Amino acid sequence: MKTKLYLLTLGLAAVNFSAQTKDTLAEKMLIYQLPIGGWGKQLEDKSVVNYNLPLSKELLRRIKATGDDHATIDNNATSREINALIKAYSVTKNPEYLKSAEKGISYLLQMQYKNNGGFPQYYPNKGLYRKQITYNDNAMINALTVLYNVAEGKNGFDVVDAKLKEKSKTAVQKGIECILKTQVLQKNIPAIWGDQYNEETLQPDKARAFEPVSLATAESVGIVRFLMMQPVTPEIEKSVKYAIKWFRQNKIEGYSYEVSKVNGKAVRTLAEDKNSVIWARFYDINNNKPLFGDRDGSVKYNYYEVSEERRNGYSWYGDYAEKLIGKEYPKWLEKNSISDL
């Protein structure tokens, strides 16, 4: 009997110890979390959120001074923290991490547009382009992927409250509907997607001066990957197939895009390379010509006409769709017994 009591005491102590176990990164994320539930990419003084910095009194003061208007899904903010907290909870079982992650999930559900299923870049801040439906930097897809994991109980998210799971299922479906509605049509044929959209008209819109209305390749790859994670419907099948067709038709063969350092500064060069296939970062929404936005709001169709600062300060080409076309799409077709276009 004494032995059983002793073992039971040890077990309770182990559970208590586990509950108190702390993760250094997760502890910082608890502090950075904004009252509304999301996280910012910047503090009130516009300094970038950096979890590697020690939490000095001055930094804590600046964190506390940062308000809800900084809550965003841009630059992986909020989705990054939710994913990290769920991972930390799976290791430590510290209930504060799960509670914080669930508050972040509730924030994502709150920020989603109820009438169209899109996600703004910021919430509740509606200034300038922040209220636009934003695929840029995978913002909306990152949010939807978190909610998809919640809804399906995948990647450690099976621990999330059942009420949030049900809400997330609805949110994912509304998000998919928005994705399908915002796929750009060219002469009634689906192409790919723009970076951001007017939240009322669902038409492609411009954001910063050097981000004009255009087709966005990198983000569209992420969108297609998200659609291929879903159960196949006729609408999703058509969307994916035509996006892949667009990527195939608009690849740039015989060029590579290299980044080198000259006097400590990045220099980006477009060079001939017969073995390379790339895509431009942005394409004209009407004629599929590669285009480049400059600081003054002008649009160029010649890479070398872009100002030096923008030419070397932004990634204008990449092998964005190479893996999607060469490996992931064929596997998706085979898995679902679907024929190509």
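Predicted model: local features only at pLDDT ≥ 70, side-chain atom pairs only at ≥ 80, totals over all residues.
At 18% relative accessibility, Asn288 falls under the 20% cut-off and therefore counts as buried, and this residue sits in the loop between β10 (282–283) and β11 (292–293). Asn288 also has a positive phi of about 65°, although it is not a glycine.

**Backbone features in loops**

- Most residues other than glycine have a negative phi, and most peptide bonds are trans.
- Asn138, a residue other than glycine, has a positive phi near 65°, and its place in the chain is the loop between β3 and α6.
- Because its relative accessibility is 29%, which lies between the cut-offs of 20% and 50%, Asn138 counts as partly exposed, whereas Asn288 counts as buried.
- The peptide bond that joins Tyr123 and Pro124 is cis, with omega at about 10°, and Pro124 belongs to the loop between α5 (95–111) and β3 (133–134).

**The largest nonpolar core**

- The largest nonpolar core has 92 residues, and those with the most contacts inside this core are Ile105, Ile179, Trp193 and Tyr317.
- Helix α6 (residues 139–152) supplies the largest share of this core, namely 9 residues.
- Once its neighbours within four places in sequence are left aside, Tyr317 is in contact with Ile252, Tyr257, Leu270, Ile278, Trp279, Ala280, Arg281, Phe292 and Tyr303.

**Packing of α6 and α7**

- Helix α6 packs with helix α7 (residues 162–182) at an angle of about 140°, and their axes are 8 Å apart.
- The crossing of α6 and α7 is left-handed.
- On the α6 side, the residues that meet α7 are Met140, Ile141, Leu144, Leu147, Tyr148, Val150 and Ala151, while on the α7 side they are Leu164, Lys165, Ser168, Lys169, Ala171, Val172, Gly175, Cys178 and Ile179.
- The residues of this contact between α6 and α7 divide into 12 nonpolar, 2 polar and 2 charged.
- Ile179, which is one of the α7 residues that meet α6, is also among the residues with the most contacts inside the largest nonpolar core.

Conventions: Residues numbered from 1 in each chain as written. Heavy atoms only, no water. Core = buried A, V, L, I, M, F, W, Y, C linked by side-chain atoms within 4.5 Å. Buried < 20%, exposed > 50% of the residue type's maximum accessible area, 1.4 Å probe, protein only. Helix = DSSP H or I, 4+ residues; strand = E, 2+ residues; numbered from the N terminus. Contact = heavy atoms within 4.5 Å. Axes fitted to C-alpha atoms, helices over the stretch in contact; angles between N-to-C directions. Left-handed = near helix turned anticlockwise from the far one by under 90°. Nonpolar A, V, L, I, M, F, W, Y, C, P; charged D, E, K, R; others polar.
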